[in-house]
Amino acid sequence: MELPGRPGKALCVGRNFAEHARELGNPVPEELLWFAKLPSVLVGPEAEIRLPGWLKSRVDPETELVALIGRAVADGASQAEAAGAVAGYSLGFDLTARAVQGEDRRQGWPWTRSKNLPGFGVIGPAWVPADRLAPLAEIVLEGVVNGEVRQRASLGEMLRPPGVALAEIARWTPLEPGDVLFLGTPAGVAPVSRGDRLEARATELGTLRCRIT
């Protein structure tokens, strides 16, 4: 799968599954929590994600649904209009250097460096047109490490589905065709090590594979 050019923006929704927020000791956010990944860190399926030798932090892969924006979404768009702007969906991993993220949070810094090492955003295996998918509530998302299912949840458990998230983000920054949005991860997040093989899978969306090196 080719990425859609190089996305102009790669945005992520945080704590969009209540149990994931709680498993890390965080409150369930009352407002949409979102942040950015640098488009240059994004890679496609079967990628090898090399952890720098100097990185001492644990690294967590977060299995997610990813939306591809097909037409512009601006301030004032309704949730239905924003949902209708999604051209397709794929699977993704939002990787996080968790200890780095924790230290940055304690200092009141943004999460930028913990989310933006090379390869820390994986998308694949293909874009599936939005109108060919079953309702998201009928789709189960799984995150698998070395054959062990660690994460499993219905996409209906998302606190803010795509239209809600996109309409809110568009209040702050216009969304353009080719932008992508990672929609949050279920509970079950745990660290990985060099040599681990990762899979994200969901009915109708296939299986995304990559490896930590």
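Modeller: A residue counts as buried when its relative accessible area is under 20%. This is a predicted model. Start with the aromatic residues. F35 has 12% relative accessibility, so F35 counts as buried. W111 has 16%, so W111 is buried too.

The structure holds one aromatic pair. F35 and W111 form this pair, with ring centres 5.2 Å apart. Their planes meet at 55 degrees, so the pair is tilted. F35 sits in strand β2 (residues 33-37). W111 sits in the loop between α3 (98-106) and α4 (112-115). The pair therefore ties together parts that are 76 residues apart in sequence.

Now the largest nonpolar core. In soluble globular proteins, nonpolar side chains tend to be buried together. Here the largest core has 49 residues. Y89 and L183 touch the most other members. Several strands give two or more residues each, including β1 (10-14), β5 (59-69), β7 (121-129) and β12 (206-212). Strand β6 gives the largest share, six residues.

Leaving aside neighbours within four places in sequence, L183 is in contact with V13, N16 and F17, among others. Its contacts also include E64, L65 and A67. Y89, M158, P162 and A165 are on the list as well.

Another core lies apart from the largest one.

Definitions and conventions. Residues are numbered from 1 along each chain as its sequence is written. This is a predicted model: local features need pLDDT of at least 70, side-chain atom pairs count only at pLDDT 80 or more; totals for chains, interfaces and linings use all residues. Side-chain values use heavy atoms; hydrogens and water are left out. A nonpolar core is a set of buried Ala, Val, Leu, Ile, Met, Phe, Trp, Tyr and Cys residues joined through side-chain atoms within 4.5 Å. Buried means under 20% relative accessible area, exposed over 50%, partly exposed in between (1.4 Å probe, protein chains only). Helices (H or I, at least four residues) and strands (E, at least two) are DSSP runs, numbered from the N terminus. Contact means heavy atoms within 4.5 Å. Rings of Phe, Tyr and Trp (its six-membered ring) pair if their centres lie within 6.5 Å; planes under 30 degrees apart count as stacked, over 60 as edge-to-face and the rest as tilted.
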